[in-house]
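This briefing covers strand pairing and nonpolar packing in one protein model. The sequence and structure are shown first.

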Amino acid sequence: MPSPAPEDVRSRAVAAALGPIADFAEDQPSFAPRPVPHQPNAARSVTKALPMPKASSTGHKASGSATWYCKTGVSACHSNYPGGLYAAAGPALRVGAWRGRVVHVCGSGSCVNVRLIDWCACGGSHIIDLYSDAFQRLAPLNAGAVRVTVSW
């Protein structure tokens, strides 16, 4: 092992003789609570309930089953579209300028208005996939699917 250079030895000797640098001296730990500064304007968080979208009536209707996807607080897709009143359109609903359209979905004695933001590869009588928040307005999530009529 090579011996240290003479400059390194001198530097260490000088640093040891001077002691710790005053700017970085270690204070004795205090276990007293820290003072809390006075905040004249308290921060407030206000959650606004998003209004239910309004469906326009063009006289079109489709009936079939609805399922759900994108569960609140679990799925990443929900962060892009908060509020949960969204859906993916099956082939029967993808007519004309369908993306962004608000449709009226009724089933199990309840109705909800949702905005079509995506498409689904729905087949057979499956016509729409609702966000979990919208589906829960029609039936509990454990129902899996519910018979609906969609109008726009």
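This is a predicted model: local features need pLDDT of at least 70, side-chain atom pairs count only at pLDDT 80 or more; totals for chains, interfaces and linings use all residues.

**Strand S5 and its partners**
- All six residues of S5 (residues 126-131) are buried, so this strand is largely enclosed by the rest of the structure.
- S1 and S5 run parallel and are joined by five bridges; Tyr-69 has Tyr-131 in S5 as its bridge partner.
- S2 and S5 run antiparallel, with three bridges between them.
- Within S5, Asp-129 stands opposite Ala-88, and Ile-128 stands opposite Ala-89.

**Strand S2**
- S2 spans residues 86-89, with Tyr-86 and Ala-88 pointing one way and Ala-87 and Ala-89 the other; all are buried.
- In a regular strand, side chains alternate between the two faces of the sheet.
- S2 also pairs with S4 (residues 110-119), in the parallel sense and over four bridges.
- Ala-88 has Asp-118 as its bridge partner in S4, and Ala-88 also stands opposite Asp-129 in S5.

**Nonpolar core**
- The largest nonpolar core holds 24 residues, and those with the most contacts inside it are Val-105, Val-114, Ile-128, Leu-130, Val-148 and Val-150.
- At least two residues of this core come from each of S1 (61-69), S2, S3 (102-107), S4, S5, helix H3 (132-135) and S6 (145-151).
- Leaving aside residues up to four places away in sequence, Val-114 touches residues including Leu-85, Tyr-86, Ala-87, Val-105, Ile-128, Leu-130 and Ala-134.
- Arg-101, Val-102 and Val-103 are also among the residues that Val-114 touches.

Terms used:
Residues are numbered from 1 along each chain as its sequence is written. Side-chain values use heavy atoms; hydrogens and water are left out. Buried means under 20% relative accessible area, exposed over 50%, partly exposed in between (1.4 Å probe, protein chains only). Two strands pair if DSSP finds at least two bridges between them. A nonpolar core is a set of buried Ala, Val, Leu, Ile, Met, Phe, Trp, Tyr and Cys residues joined through side-chain atoms within 4.5 Å. Contact means heavy atoms within 4.5 Å.
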